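Here is a short briefing on one protein model. Look at the sequence and the structure first, then read the points below.

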Amino acid sequence: LAIGNVFLWCNSETTQIEIPQGIKFISNNAFTECYDMEKIVIPNGVEKLNTKLFSADMLKELHIPASVKEINPFILSRDAKCTVYTTKDTAAEAFAKTTHQKLVIKVWAK
């Protein structure tokens with residue numbers, strides 16, 4: 001299963017999204033119009049995060065599980081300053097350490 005433009009038109013009251021279990025892939029622009037988003041929890045089982053997923057400058061927390069093996073380096077807007085929560089030695093940790101965005105990373109042991 002994949003998420004495409006399902007959340008493309010979030011309203012201003014949508015501040016957090018918890019993606020349902022069973023999703024394997026989140027495609028381009030899935031949350032780009034969710035400008036007031038503060039927290040997104042990606043469930044275990046998602047394997048790929050594609051380009052320009054989140055444009056929310058208000059995003060404070062992005063939880064990425066170890067199941068995510070492929071992350072496009074441009075999933076966040078250029079001005080994103082959120083905290084990425086993940087586990088050690090994962091694609092999410094590598095993304096947070098090497099991306100051009102101003103990210104803080106919180107890593108838990110596996």
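Predicted model: local features only at pLDDT ≥ 70, side-chain atom pairs only at ≥ 80, totals over all residues.

Residues are numbered from 1 along each chain as its sequence is written, and side-chain values use heavy atoms, with hydrogens and water left out.

**The sheet**

- An open sheet has 5 strands in the order β2-β4-β6-β8-β9, with parallel pairing. Strands (E, at least two residues) and helices (H or I, at least four) are DSSP runs, numbered from the N terminus. Two strands pair if DSSP finds at least two bridges between them.
- The edge strands, β2 (16-18) and β9 (104-108), each pair on one side only.
- From one strand to the next, the twist averages 10°. Axes here are lines fitted to C-alpha atoms, for helices over the stretch in contact, and angles run from 0 to 180 degrees between N-to-C directions.
- Strands β4 (residues 39-41) and β6 (residues 61-63) are parallel partners over 3 bridges. I40 stands opposite L62 in β6.

**The nonpolar core**

- The largest nonpolar core holds 27 residues. Such a core is a set of buried Ala, Val, Leu, Ile, Met, Phe, Trp, Tyr and Cys residues joined through side-chain atoms within 4.5 Å. Buried means under 20% relative accessible area, exposed over 50%, and partly exposed in between (1.4 Å probe, protein chains only).
- I26, I42, L49, F54 and L62 have the most contacts inside this core.
- Helix α1 (residues 91-98) gives the core its largest share, 3 residues.
- In soluble globular proteins, nonpolar side chains tend to be buried together.
- Beyond four places away in sequence, L49 touches residues including I26, I42, I64 and V68. Contact means heavy atoms within 4.5 Å.

**Q21, a loop residue**

- Q21 lies in the loop between β2 and β3 (25-26).
- Q21 counts as exposed because its relative accessibility is 60%.
- Not counting residues up to four places away in sequence, Q21 touches P43 and N44.
- Q21 and N44 are 23 residues apart along the chain, yet their C-alpha atoms are separated by 7.3 Å.

**S67, another loop residue**

- S67 lies in the loop between β6 and β7 (70-71).
- S67 counts as buried because its relative accessibility is 15%.
- A polar atom of the S67 side chain lies 2.8 Å from the backbone nitrogen of G45.
- The S67 side chain also reaches the backbone oxygen of V46 at 2.8 Å.

Technical notes. Polar contact = N/O pair within 3.5 Å; in protein donor to acceptor, adjacent residues only side chain to side chain.
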